[in-house]
Each structure stands twice: as structure tokens, then as C-alpha cells.
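Below is a short note in numbered points, to be read beside the coordinates.

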Protein chains: 2
Amino acid sequence: MVQNDAFRALDRQECLRLLAKVPVGRVVYTRHALPAVLPVNFTLDPDASVVLRTSAASDLVRAIDGVVVAFEADEWHAATQSGWSVVVTGQAAVVTDPAEHDRLSESGPTSWMPIRDGVFVRIEPGMVTGREVIGARYSA
Amino acid sequence: MVQNDAFRALDRQECLRLLAKVPVGRVVYTRHALPAVLPVNFTLDPDASVVLRTSAASDLVRAIDGVVVAFEADEWHAATQSGWSVVVTGQAAVVTDPAEHDRLSESGPTSWMPIRDGVFVRIEPGMVTGREVIGARYSA
């Protein structure tokens with residue numbers, strides 16, 4: 001029988017530790033009044049904000065600069081039906097400070113996609129939530 | 001130098017073939033006026049709609065029944081900085097037809113999470129888009 005402990009909420013520190021393990025997450029936002037999602041590679045800044053790099057002229061930047069977005073990352077293991085998911089919800093903003101841009105050019109993410117006129121986008125860690133799925137199949 | 005061919009749009013058939021390969025995708029929707037995202041396991045129905053199973057009383061069902069959502073699945077390989085992503089955008093609706101419910105109980109998805117009072121939710125494949133990232137690092 002399936003147990004209720006197949007699911008566990010993660011605290012903020014666990015969420016951030018897991019986020020730091022994976023290179024790709026997904027920006028969740030609204031585009032033309034429709035829900036939209038775009039996978040991007042990213043880094044976690046020391047203040048726990050999510051930083052990604054994209055083209056200044058991209059649809060993504062136009063859609064998310066200055067608005068609240070969600071950012072999701074996860075990892076799943078089909079064999080054990082287990083895994084975790086973390087969601088950061090907060091305001092996204094293009095990094096405009098030149099010193100900050102220079103710092104991120106050293107330590108921030110590169111993009112897996114070719115980019116012209118690259119900018120960094122920071123997503124504030126306003127709300128950080130996560131859950132672990134322990135594997136219903138094996139929790140009997 | 002990074003080439004522009006590091007990115008390729010996928011046609012509908014390629015998108016559906018890739019979607020069928022992975023057990024987990026992410027429902028992207030709006031909750032309390034904020035962008036929200038929830039990973040779920042799913043199956044593809046023969047008509048290309050995405051089918052998931054969740055609790056009738058869940059926040060997810062309340063938020064998405066009858067509205068347009070996005071559903072995203074992907075696969076990434078960090079070593080080669082490559083992978084793919086597919087997004088299905090369409091109306092979500094709880095399956096209310098008893099015969100259809102019975103059919104999905106046989107062939108549809110099970111949930112990795114414990115569920116009481118389970119229902120199936122179908123996401124119509126109104127728009128199916130995808131892209132492949134071939135690996136900027138190796139496209140020089």
C-alpha cells in the first residue's frame with residue numbers, strides 16, 4: 001500500500017543545496033497572456049538568487065525583465081520513481097550595474113546557446129520551495 | 001567560435017517522439033496570479049494529448065481545469081551541453097466521461113505520488129513546439 005511519506009517538503013537550505021547540483025532549470029513566465037516555459041542553464045549567486053545569461057534582444061528578456069517569474073529545477077529517477085523539485089519565485093531583472101555585470105562575466109553562467117549581446121538576468125529568491133518524492137513504489 | 005547551428009527547431013512529429021521517451025514533465029500555469037510549475041509523471045495519448053493523474057481535490061486541478069496551460073518535458077546532457085525541450089500548450093480539463101476514465105485507468109499514467117480520489121487531466125495538444133540544443137561547446 002502506498003504510504004503518505006512518499007512526499008517530503010524541503011527547507012530553504014536543502015532547496016539551495018539541490019539547486020546548486022544541476023546545470024539546467026526552467027524559467028516559467030507569461031508570454032502573450034499564455035503560460036510559457038524555457039529551459040536555461042544557470043548559476044546560483046551567493047545571495048541565493050538565480051542568474052542566467054541570455055541575449056539582450058531575446059523574447060525572454062522582453063517578457064520577464066521587471067516581473068515576477070518562477071524558476072524550477074528538478075532531478076528524477078524513473079527506476080525508483082523518486083526525485084526532487086525546487087521552485088524559486090521572485091522578480092526577474094536584467095543586471096544593469098557594470099561592476100556586477102563584470103563580476104558575473106567571471107563567475108556567472110555561460111549559455112549553452114550561442115548569444116549575441118549577452119546580458120545577465122537575476123531572479124530574486126523571494127520564495128523558495130521544494131519537495132522530495134521518495135518513491136511511492138518502494139514505500140509500501 | 002560558436003556556430004548558429006547549435007539550436008534546431010523540432011517539428012511536431014519529432015516533439016511527440018521525444019515526449020514519449022520521458023516519464024516526467026512539468027505543468028506550467030498560474031496560481032494566485034503568480035507563475036507556477038509542478039512536475040508530474042504523464043503519458044501521451046494516441047491523439048497526442050498529455051494525460052496526467054492527480055487528486056480531484058488538489059490545488060493543481062482547481063487551478064488548471066478548463067484553462068490553457070503549458071506542459072514541458074526535456075532531457076539534458078551536461079557533458080556535451082546538449083539536449084532537447086518540448087512544450088505542449090493547450091486547454092487542460094479533468095476527464096469526466098466514465099468510459100474514458102476507465103480506459104485511462106488501464107492505459108493511462110499512474111502517479112509517483114500517493115493519490116486519493118484520483119482523476120485524470122488531459123491537456124489538449126493545441127500547440128506543440130520543441131527545440132534541440134546541439135551543444136555550443138562542440139559546434140566550433
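1. A polar contact here is a pair of N or O atoms within 3.5 Å; within protein, one must be able to donate a hydrogen and the other to accept it, and residues adjacent in sequence count only if both atoms are side-chain atoms. Helices (H or I, at least four residues) and strands (E, at least two) are DSSP runs, numbered from the N terminus.

2. On provenance: the model is predicted, local features need pLDDT of at least 70, side-chain atom pairs count only at pLDDT 80 or more, and totals for chains, interfaces and linings use all residues. Residues are numbered from 1 along each chain as its sequence is written, chains are lettered from A and ligands numbered from 1 in the order in which they are written, and side-chain values use heavy atoms, with hydrogens and water left out.

3. Helix α1 of chain A spans residues 12-19, and A:Glu14, A:Cys15, A:Leu16, A:Leu18 and A:Leu19 in this helix are buried. Buried means under 20% relative accessible area, exposed over 50%, and partly exposed in between (1.4 Å probe, protein chains only). The buried residues of α1(A) pack against five strands of chain A: β1 (7-10), β3 (34-44), β5 (68-77), β6 (82-94) and β8 (127-133). Contact is taken as heavy atoms within 4.5 Å.

4. A nonpolar core is a set of buried Ala, Val, Leu, Ile, Met, Phe, Trp, Tyr and Cys residues joined through side-chain atoms within 4.5 Å. The largest has 30 residues, of which B:Val27, B:Tyr29, B:Ile64, B:Phe71, B:Val86 and B:Ile123 touch the most other members. Elements of chain B that each supply at least two residues include α1 (12-19), β2 (24-31), β3 (34-44) and β7 (118-123). The biggest contribution, 5 residues, comes from β6(B). A separate core of 29 residues includes A:Leu16, A:Ala36, A:Phe42 and A:Leu52.

5. What does B:Val86 touch, leaving aside its neighbours within four places in sequence? Its contacts include B:Leu10, B:Cys15, B:Leu18, B:Leu19 and B:Phe71, and also B:Val128, B:Thr129 and B:Gly130.

6. B:Thr54 sits in strand β4 of chain B and is buried, at 12% relative accessible area. Its side chain makes a polar contact with that of B:Ser58 (3.5 Å). Beyond four places in sequence, B:Thr54 is in contact with residues including B:Leu60, B:Val61, B:Ile115 and B:Val121.

7. How are the two copies related? Chain B is superposed on chain A by a rotation of 180° with 0.0 Å of shift along its axis (RMSD 0.0 Å). The copies are thus related as by a two-fold rotation axis. B:Val28 has the C-alpha of chain B nearest the axis, 3.4 Å from it. Superposition is by least squares on the C-alpha atoms of residues with pLDDT of at least 70 in both copies.

8. At the interface, 35 residues of chain B are in contact with 36 residues of chain A. The copies meet through the same surface, because 100% of the interface residues of chain B are also interface residues in chain A. About 2900 Å² is buried between the chains, 72% of it on carbon and sulfur atoms. Buried area is the accessible area (1.4 Å probe) that two parts lose on being put together, summed over both. B:Pro35, B:Trp112 and B:Met113 lose the most area on the chain B side, together 24% of what that side buries.

9. A salt bridge is a side-chain nitrogen of Lys or Arg within 4 Å of a carboxyl oxygen of Asp or Glu. B:Arg26 pairs with A:Asp74, the closest N and O atoms being 2.7 Å apart. This pair crosses from strand β2 of chain B to strand β5 of chain A, and both B:Arg26 and A:Asp74 are buried. A:Arg26 and B:Asp74 also meet in a salt bridge (2.7 Å, N to O). A network of salt bridges links A:Arg26, A:Glu72, A:Asp74, B:Arg26, B:Glu72 and B:Asp74.

10. Within chain A, the side chains of A:Arg122 and A:Asp45 form a salt bridge (3.0 Å, N to O). A:Arg122 is in strand β7 and A:Asp45 in the loop between β3 and β4, so the pair ties together parts 77 residues apart in sequence. Both A:Arg122 and A:Asp45 are buried.
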